[in-house]
Amino acid sequence: MKELINANDKYKMNWIEGNTEWGTVKCPKGISVKKTSSKSGDIITERYTFTNTTDKDIFTSLKDISIYTPFNDDYTCGAKACMTTKCHTHIWCGENISYVMCLRMGGEAPHLGLVLTDGSLSGYSVERDFEKISNDRGDFILHPSPVALVPNESFTIEWKLFWHNGKNDFYSKVNKLCNRFINVSAENFVLFSGENINITVSPNFDFSEVQIKENNKSVDYKIENNEIVISTKADTPRKYSYSINIDDVVTHCNILVLPCLDELAKNRCHFIAENQQYNNPKSKLDGAYLIYDNEEKHIYYNREYDFNGGRERVGMGVLIAKYLQNHDDEVLLNSLKKYIKYLQNNLVCIETGEMFNDYNYDNSFTRLYNYPWFSLFYIELYKLFGDKNMLEIAYKIMLFFYNQGGEHFYAIEVPIVKLVECLRESGMTDMADNMIAWFKKHSDYIAETALDYPAHEVNYEQSIVAPATNILLQTYIVTNENKYLDAAKIQLDVLELFNGLQPDCHLYETAIRHWDGYWFGKCRLYGDTFPHYWSALTGNAYSDYGDIIGSNEYKKRADYSHRSVLSLLNSDGTATCAYVYPTSINGISANYADPYANDQDWGLYFNIK
């Protein structure tokens with residue numbers, strides 16, 4: 001199959017596109033494959049039958065058999081074309097219960113779905129074209145679950161491709177097309193110690209036998225209205241993997257339990273202060289918060305942008321400044337003061353508000369992303385110390401940002417509401433009014449541009465749409481002008497499409513990102529990062545919108561999004577900058593937490609904020 005186009009689609013979008021043709025199969029020597037395809041109305045059924053043609057048993061591993069399904073998920077054409085001709089691909093390989101939900105990036109139906117109707121899938125891999133850098137998610141490869149085949153024995157993978165109108169319609173149609181489907185839902189997929197793990201398993205068929213295990217131990221459950229309900233106290237922080245078998249239909253879900261948020265924040269802040277702050281009076285980096293290599297157990301700096309002494313790593317300072325507003329901790333306070341001294345000797349001009357890209361006032365590369373982050377840091381310092389000088393620096397940084405053309409830039413985490421509120425409460429009303437004028441210019445540009453986003457470090461991505469949404473929502477909050485809320489709704493509809501609903505702590509309400517492990521990680525491997533901490537920017541938008549319209553649904557979705565990024569943190573305070581989720585990337589084994597603790601602490605900041 002070389003193209004798949006809905007006959008009624010006015011854009012004539014081809015939903016499959018890649019370097020390897022759809023349906024290409026790779027499998028070990030001695031296994032043959034027979035492929036068939038049929039169509040009934042708008043539904044395509046594809047069937048792959050694998051047979052052991054040798055006189056010996058064959059055992060396979062997860063990556064041994066590959067079926068290529070190159071859904072058209074990339075940003076190579078730019079944002080405007082992405083809206084109508086590209087899709088977000090949400091994959092769930094849950095053994096017998098497996099599916100792919102594709103959503104057109106602009107949100108307009110029809111959308112494409114795939115549901116497994118025979119066989120078992122246990123993982124997916126990706127093949128990337130590295131010449132396209134961060135703009136192509138790659139060709140997707142679905143892996144059948146490992147099998148053992150005696151001579152002449154066969155097994156089958158069958159799925160149906162169908163059109164749907166969005167997330168709710170997708171799951172409704174999956175439930176109809178697969179006559180032995182199990183929906184698995186949870187109250188939360190990331191929990192804090194002491195909360196309850198509440199899971200509901202809903203088969204769409206009458207059943208007689210139920211086996212549910214966690215860590216190879218049987219789990220207690222109740223059956224209510226043909227649903228299996230699991231409820232247990234989450235006492236021990238760890239990953240809980242539930243194996244579910246209902247009348248030989250097998251699937252699973254993954255829950256993560258962390259220490260209570262306060263303990264998690266304390267452990268992380270102390271790890272930063274004690275392991276990630278450079279202490280060397282002979283170096284100008286003295287006091288900097290830097291990368292920590294969890295594999296080799298040492299601090300690390302490199303002048304390469306994403307490993308340097310500035311940029312995203314200010315998130316460590318923001319986190320500690322926020323934490324100290326509610327906790328007395330001399331160790332952290334002394335660490336923070338040393339970091340402030342480092343910043344003011346290396347990264348920020350407190351007279352003008354100019355921000356530098358690396359220590360020693362190095363601006364050989366000018367980067368507008370840096371400005372809002374450091375402005376926010378100084379706002380948090382003001383809230384910690386009550387020092388108006390800190391607030392003036394925050395103001396100067398944002399003023400410098402806008403004087404450099406910032407109103408045309410989709411910066412991440414612009415502190416609109418915080419800055420205006422703090423300036424007003426401090427009596428700096430002229431500065432507050434000036435900032436509001438700039439924020440309105442910024443929002444007017446975003447509203448006018450709508451969905452024709454300008455390219456940034458990636459042609460199109462979640463952290464272009466999320467800032468657009470956040471800036472508009474925050475400007476509405478400080479101005480109460482409905483035009484900004486109306487414009488934000490347009491952005492929010494598109495932003496939601498980046499998030500999937502798979503029953504896994506790495507995936508549920510986690511926005512698609514697929515390059516951060518390469519740019520910020522030690523392993524330098526491109527591939528889906530589930531999660532990456534900027535995924536929680538969507539949660540920030542959900543939270544603001546929920547507050548504005550009084551929606552508990554959006555507040556709950558915000559909580560899901562915020563919690564989802566906490567799997568980047570460990571109970572002992574160690575952390576990872578990215579979890580690279582696929583089974584493999586271009587043949588290299590993945591599904592790992594990168595060894596570098598780099599810039600992930602923004603996610604924890606969003607949670608304690």
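The questions and answers below walk through the rings, a sheet and the cavities of this structure.

This is a predicted model, where local features need pLDDT of at least 70, side-chain atom pairs count only at pLDDT 80 or more, and totals for chains, interfaces and linings use all residues. Residues are numbered from 1 along each chain as its sequence is written, and side-chain values use heavy atoms, with hydrogens and water left out.

User: How many aromatic pairs does a search of the whole structure find?
Analyst: Rings of Phe, Tyr and Trp (its six-membered ring) pair if their centres lie within 6.5 Å. Planes under 30 degrees apart count as stacked, over 60 as edge-to-face and the rest as tilted. Searching the whole structure gives 52 aromatic pairs.

User: Are the rings of Phe50 and Phe155 stacked or edge-to-face?
Analyst: Their centres lie 5.0 Å apart. Their planes meet at 15°, so the pair is stacked.

User: How many residues apart are Phe50 and Phe155?
Analyst: Strands (E, at least two residues) and helices (H or I, at least four) are DSSP runs, numbered from the N terminus. Phe50 sits in strand β3 (residues 43-52), and Phe155 in strand β12 (residues 154-164). The pair links distant parts of the chain, with a separation of 105 residues.

User: Does Phe50 count as buried or exposed?
Analyst: Buried means under 20% relative accessible area, exposed over 50%, partly exposed in between (1.4 Å probe, protein chains only). Phe155 has 14% relative accessibility and counts as buried. Phe50 has 0%, so Phe50 is buried.

User: Is the pair of Phe356 and Tyr361 stacked or edge-to-face?
Analyst: The ring centres are 5.1 Å apart. Phe356 is buried at 11% relative accessibility, whereas Tyr361 is partly exposed at 38%. The planes stand at 70°, so the pair is edge-to-face.

User: Which residue lies over the face of Tyr240?
Analyst: A charge sits over a ring if NZ of Lys or CZ of Arg is within 6 Å of the ring centre and within 35 degrees of the ring normal. Arg557 lies over the face of Tyr542, at 4.5 Å from the ring centre. For Tyr240, at 3.8 Å from the ring centre, the residue is Arg238.

User: Which strands stand at the edges of the open sheet of five strands?
Analyst: Two strands pair if DSSP finds at least two bridges between them. The order is β14-β21-β20-β16-β17, with mixed pairing. Each edge strand has a single partner, so one side of each is left without a neighbour in the sheet. The edges are β14 (190-192) and β17 (217-218).

User: What is the bridge partner of Phe192 in β21?
Analyst: β14 and strand β21 (residues 249-258) run parallel, joined by three bridges. In β21, Phe192 has as its bridge partner Leu258.

User: Which helix gives the most to the lining of the largest cavity?
Analyst: On a 1 Å grid over the protein atoms alone, a cavity is a set of points where a 1.4 Å probe fits but cannot get out, and lining residues have an atom within 4 Å of a point. Among the lining residues are Asp504, Tyr560 and Arg563. The helix that gives the most, with three residues, is α14 (residues 552-564).

Note on methods: 1 Å grid on protein atoms, 1.4 Å probe; cavity = no way out; pocket = protein on both sides within 12 Å on 5 of 7 lines; lining within 4 Å.
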